[in-house]
Amino acid sequence: MTAREAFMLGRLAIVPDLSGALFLPEERTLVVADLHLEKGSAYAMRGVMLPPYDTTATLAALSAAILRLRPARVIALGDSFHDRQAEARLAPQTLAALHLMQQGRDWLWITGNHDPVVGARVGGESADAIVLGGVTFRHEPDPAETGYEVAGHLHPAAKLRMRGRALRRRCFALSPRRCVMPAMGAYAGGLNLRDAAFRPLFREGLSAHLLGDGRLFRIDPRLLLPD
């Protein structure tokens, strides 16, 4: 797959990006999912000590995607903050970097199960969902959705065997009516596409697009392995 290959979801063109973001060229919109900012500090509060650089790494990846694609709008599809206190734990320099990314563009935080309320301190606006081009953008995919949908929440990951070794990477999960996005958060992890949680979402077929080294790889679903 080329870096700029577009898919049609209803009447909306969507371009999966190697960063894990989704670009909507006609809308000049960048969509990201599951940043889970301050997950490392949340674990530290429970005595699980991880390197405290996840927020910096996640925002660096987001900033690079913004600089490269230059969107007029950014939509973050929920669980942008790992818990309700994560905003308060953001370092001043981190908050300043976030505000700098927001300058000159619209910024929408979609609320998620980890961050049902997004405070004014982090800038931008917040909403439960947004509809663009007949496609609903929300945090958690809805199996009952009869229209078109882009969501996060499940952190899809694909596992397969290549050249005699197992490979597991984050991926986009696509069908004619739905896209479930990979998590961008450095500590977010991933749920195997063979997990039962994906079955009711992809009854019309599944196309897996793996974040590889330097490019996206479209994987035949028959090659996907369970964990």
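Trainee: How are helices H2 and H4 oriented to each other, roughly parallel or roughly perpendicular?
Mentor: In this predicted model, helix H2 (residues 54-69) and helix H4 (residues 92-102) pack with their axes 11 Å apart and at an angle of about 15°. Angles under 35 degrees count as roughly parallel. H2 and H4 are therefore roughly parallel.

Trainee: Which handedness does the crossing of H2 and H4 have, left-handed or right-handed?
Mentor: Two packed helices are described by the angle between their axes and the distance between the axes. Where H2 passes H4, the crossing is left-handed.

Trainee: What kind of aromatic pair do Phe81 and Trp109 form?
Mentor: The whole structure holds 2 aromatic pairs. In the pair of Phe81 and Trp109, the ring centres are 5.0 Å apart and the planes stand at 50°. Planes under 30 degrees apart count as stacked and those over 60 as edge-to-face, with the rest as tilted. The pair of Phe81 and Trp109 is therefore tilted.

Trainee: How many residues apart in sequence are the parts that the pair of Phe81 and Trp109 ties together?
Mentor: Phe81 belongs to the loop between strand E5 (73-77) and helix H3 (86-89), whereas Trp109 belongs to strand E6. The pair therefore ties together parts of the chain whose separation in sequence is 28 residues.

Trainee: Which residues do ring pairs link into a cluster?
Mentor: Trp109 also pairs with Trp107, in a tilted arrangement with 5.6 Å centre to centre and 55° between the planes. Relative accessible area is 0% for Phe81, which is buried. Trp109 at 1% and Trp107 at 4% count as buried too. The cluster linked by ring pairs consists of Phe81, Trp107 and Trp109.

Trainee: Is Val117 buried or exposed?
Mentor: Val117 is found in the loop between strand E6 (106-110) and strand E7 (125-127). Its relative accessible area is 61%, and the cut-off for exposed is over 50%. Val117 is therefore exposed.

Trainee: What is the phi of Arg28?
Mentor: Most residues other than glycine have a negative phi. Arg28 lies in the loop between strand E3 (22-24) and strand E4 (29-32), and it is partly exposed at 47% relative accessible area. Although Arg28 is not a glycine, its phi is positive, at about 50°.

Trainee: What is the phi of His153?
Mentor: His153 is located in the loop between strand E10 (148-151) and strand E11 (156-162). With a relative accessible area of 22%, His153 is partly exposed. His153 is not a glycine, yet its phi is positive, at about 75°.

Methods
Residues numbered from 1 in each chain as written. Predicted model: local features only at pLDDT ≥ 70, side-chain atom pairs only at ≥ 80, totals over all residues. Heavy atoms only, no water. Axes fitted to C-alpha atoms, helices over the stretch in contact; angles between N-to-C directions. Helix = DSSP H or I, 4+ residues; strand = E, 2+ residues; numbered from the N terminus. Parallel < 35°, antiparallel > 145°, perpendicular 65-115°, else oblique. Left-handed = near helix turned anticlockwise from the far one by under 90°. Buried < 20%, exposed > 50% of the residue type's maximum accessible area, 1.4 Å probe, protein only. Phe/Tyr/Trp six-rings, centres within 6.5 Å; stacked < 30°, edge-to-face > 60°.
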